Amino acid sequence: MQEEEPEARARPLSRLRRGNGNGGEAAMALSESQLKKMLAKYKYRDLTVQETTSVITQYKDLKPVMDAYVFNDGSSRDLMSLTGTIPVPYRGNTYNIPICLWLLDTYPFNPPICFVKPTSSMTIKTGKHVDANGKIYLPYLHEWKHPQSDLIGLIQIMIVVFGEEPPVFSRPTISSSYQPYQATGPPNTSYMPGMPSGISPYPPGHPPNPSGYPGYPYPPGGPFPATTSGQHYPSQPPVTTVADARRKQKQVWICGHSYVFWAEKRALVRSFGPQLGIRVEDAKLHWIGKSGMMWDQLIPTLFHARRRLPDPDVLVIHLGGNDLGTTKFVDLIIRIKKDLGFIKHTFKNVILIWSNIVPRKAWNQEETYRFMDKNRKKVNREIGNFMKFIGGCVIRHDSLVPESPGLFHLDGVLLSQSGTDVFNLDLLSVLETLI
């Protein structure tokens, strides 16, 4: 049987911005003042304009559209949607996945209502994140909380999730002996701009769950309250998971760049072994180290590991050192915080551990050593404070300083064998308190 492929495979990323006709240009043509006029009735207009501008600047195939959105009770309200395509990598190709993000007029204090918006040549692929009507369900949406949650973060999560499980496929070109599935709903074309008559992207009550996935607790069916009242839209309930109290063995992932790679190699030849002396009955350690690993490789690496490993109870992350000097440290801090928040949402009940960026004898950057080490300390301090906020831990590595003889490799970047032993003992000292 021929394997299904997502739509728009032939369109390369370089042409993606022109894939929607005038979509990207129309979005960019809107000035901030025009967006403010469009969103005049929004309660938090300036915040919504600010996020919308960021989205259409970064994702040029998404454009803001005002249209009537019909709620479950049949009432409608003029709301803005961000409609267009996002680039999703899947098996070595980049696909144009069509989406529509409806922003309620209490945004950003309530999450957007999100749909996959298939074209006539596409069919919806139902699964644990998308129902038969195209509505998108993600933990990020159900745990939405401003200002930790935003549209850019939401789209980034969609790209990762849809890269694992594409939500649309090309319709088969051969004739079929059966009638295509038609979603239920009143014949009202105002549900979504461009949607065929009779297809409702907002199903009443609980959505279908054809995959059998245990899923998230969805809110009961019913209309949102009118925005003329002082009441907000009801927040979506947080996801709760029931931990298996009978499971004693904890899963520990240790992920990072060369330090982690060589730490595992060193542990193998030491008496404590790759378990660092921790009983396997108590915890199973999984080393995920890649030489030269950069921060933007973290989430794809974790998702790849998730295919073969149980979800972590404890996740140690030692990254960021290779990124210093390649980008502004403020931008790096923002990116790290956003990704750590996403990881916290993705791996339920995980304890995150930030392993401090270790000082080096040489940074191999154009900037001065003093400048690089100053930024290293700033990143460690900011992320350390953030870890306290989200209930995580920090491994400090106070003994790993360039002034200590014999702890660093001759290149001034990597640790020596003795330095790697100290690194592993630092890991162990924190892991023992959590297992």
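Predicted model: local features only at pLDDT ≥ 70, side-chain atom pairs only at ≥ 80, totals over all residues.

User: Where is His 286 found?

Analyst: His 286 is in strand β8, residues 283–289; strands here are DSSP runs of E with at least two residues, helices are runs of H or I with at least four, and both are numbered from the N terminus.

User: Is His 286 buried or exposed?

Analyst: His 286 counts as buried because its relative accessibility is 13%, and buried means under 20% relative accessible area, with a 1.4 Å probe and protein chains only.

User: Which side chain does His 286 join in a polar contact?

Analyst: That is Gln 251, at 2.7 Å; a polar contact is a pair of N or O atoms within 3.5 Å, and within protein one must be able to donate a hydrogen and the other to accept it, while residues adjacent in sequence count only if both atoms are side-chain atoms.

User: Changing topic, what is the strand order of the open sheet?

Analyst: The order of its five strands is β8-β7-β9-β10-β11, with parallel pairing, where two strands pair if DSSP finds at least two bridges between them. The edge strands, each pairing on one side only, are β8 and β11 (393–395).

User: How many bridges link β7 and β9?

Analyst: Strand β7 (residues 250–256) pairs with strand β9 (residues 314–318) over five bridges, and Val 252 stands opposite Val 314 in β9.

Note on methods: Residues numbered from 1 in each chain as written. Heavy atoms only, no water. Buried < 20%, exposed > 50% of the residue type's maximum accessible area, 1.4 Å probe, protein only.
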